[in-house]
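Here is a short briefing on a single protein chain.

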Amino acid sequence: MPPILPDFSNSVKLKYVKLGYQYLVNHFLTLALIPVMAGILIEVLRLGPEEIVNLWNSLHFDLVQILCSSFFIIFIATVYFMSKPRSIYLVDYACYKPPVTCRVPFATFMEHSRLILSNNPKSVEFQMRILERSGLGEETCLPPAIHYIPPTPNMEAARCEAEIVIFSAMDSLFKKTGLKPKDIDILIVNCSLFSPTPSMSAMVINKYKLRSNIKSFNLSGMGCSAGLISIDLARDILQVHPNSNAVVVSTEIITPNYYKGNERAMLLPNCLFRMGGAAILLSNRRSERWRAKYRLVHVVRTHKGADDKAYRCVFEEEDKEGKVGISLSKDLMAIAGEALKSNITTIGPLVLPASEQLLFLLTLIGRKIFNPRWKPYIPDFKQAFEHFCIHAGGRAVIDELQKNLQLSAEHVEASRMALHRFGNTSSSSLWYEMSYIEAKGRMKRGDRIWQIAFGSGFKCNSAVWKCNRTIKTPTDGPWVDCIDRYPVHIPEVVKL
């Protein structure tokens, strides 16, 4: 039997209908003002030159009124510019690239696991299954102390790793920006699991002989999202300290946190976490506007720590044998999804165009009034951002966000490739992803970037940046010797 009605989806280009709707709603004020301005212009042309001159001469201006009006306008303008938040610029950043001597191919990792866990073959098999599905490549790196059999995760080795990672990133930042140590006004270092005394920020101050009046902060225990917490802290400090430079250092020191027990929930971090770090220069100086790469637009932080499950889903504790490790809960992805939902609810109105907000509102009203079973409308964040930097916590994290935000393979390419090449570098992973986009020559002036990070507690944090200038393909950085090989195909399972 022939169809009674034609196939609407084939007869009408729904894609262009949606584009037309978006243009109409997003430019509603402009489109509404055009006929008004046209009407005014037509009326002015009808009057003629003589009538316009007579109308002007008929107006009576009082000197006191003119002075009062001028003073009022100047006062309002002064209040506006004084209360306006200072613009925060990301001048440049540098990522640490581990030496090839620290490389850990799959074969090396599994051989070490078999030797270290020789009494528990099931734990070795479990790690192999995780590694096969992790999305990591053959070039990720672990610190020298973990290469020993058995590993030697002592305080000296941990300090050595911290110095190598942080000082290398700082040196690269100084070289890139021409910044002198004495020009740093604010220093923020974040590292979740390694918190020595003196602090790591003090270690940087000692190394580079920074000023005695520097405002230094050391953040620990805040998980993989601590990098964006540091950015938020730097932004707040820069708002009250004009003409200042802030350096943020984000890293995770692997050496003291290698787990040598048999608890599966604690073995997961061994398979995913790798060496990495980044140093970022932020400034509120107007002179930096012209050479800065990005401008900070928004930072949105969500904390679900009031919920017991969320609080314990990433938890440092001892196993039955007294060995300390990081336990990852089976509920981690569900909790991350709830945290992301809360974060999106806050950031959506700040970044989404009017067309997406209107659709979301209409769907919400429809569900409340007509049918609660209606499928909720997921806003199209591709209308708000050109680039996405999703924390490379693991393949499952990236898959879940790609699905929930309806992103294309290209949108999550930077996250997948950063995970493949460098592994989970914790809070610094976002900067390896940003560097990947730059290395591919995709970052153009005006592009908007959404950084999304998750961390223990449980936290979901977002930062929105706007590209200040078209960025040329860099001649240095962590991707310079391998960017031509990427993107690579990452199979679902790599058989070992």
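Contact here means heavy atoms within 4.5 Å. On that basis, and leaving aside neighbours within four places in sequence, F381 is in contact with I344, I347, G348, V351, L352, F388, L405 and W450. This is a predicted model, in which local features need pLDDT of at least 70, side-chain atom pairs count only at pLDDT 80 or more, and totals for chains, interfaces and linings use all residues. Residues are numbered from 1 along each chain as its sequence is written, and side-chain values use heavy atoms, with hydrogens and water left out.

**Overall build**
- The chain holds 18 helices and 11 strands (DSSP runs numbered from the N terminus: helices are H or I with at least four residues, strands are E with at least two).
- Its C-alpha atoms fill a box of roughly 100 × 85 × 45 Å along the principal axes.
- Of the 496 residues, 46% count as buried, meaning under 20% relative accessible area with a 1.4 Å probe, protein chains only.
- Take contacts between residues at least 6 apart in sequence: 80% of them join residues at least 24 apart.

**Charge**
- The chain carries 59 positive and 45 negative side chains. Lys and Arg count as positive, Asp and Glu as negative; His and the chain ends are not counted.
- The centres of the two sets lie 1 Å apart, with each charge placed at NZ of Lys, CZ of Arg, CG of Asp or CD of Glu.

**Nonpolar cores**
- A nonpolar core is a set of buried Ala, Val, Leu, Ile, Met, Phe, Trp, Tyr and Cys residues joined through side-chain atoms within 4.5 Å.
- The largest has 54 residues; V351, F381, F385, W450, I452, F454 and F458 have the most contacts inside it.
- Helix α14 gives this core its largest share, 8 residues.
- A second, separate core of 50 residues includes C95, C102, I237 and C389.

**N343 in α14**
- N343 sits in helix α14, residues 332–351.
- N343 is buried, at a relative accessible area of 0%.
- Its side chain reaches the backbone oxygen of V300 at 3.2 Å.
- Beyond residues up to four places away in sequence, N343 touches V300, R301, T302, C460, N461 and S462.

**Helix α17**
- Helix α17 (residues 413–422) is largely enclosed by the rest of the structure, because 10 of its 10 residues are buried.
- Those buried residues include R416, H420 and R421.
- Their cover includes β9 (387–390), α16 (395–404) and α18 (429–439).
- G423 follows α17, with a positive phi near 80°.

Conventions:
Polar contact = N/O pair within 3.5 Å; in protein donor to acceptor, adjacent residues only side chain to side chain.
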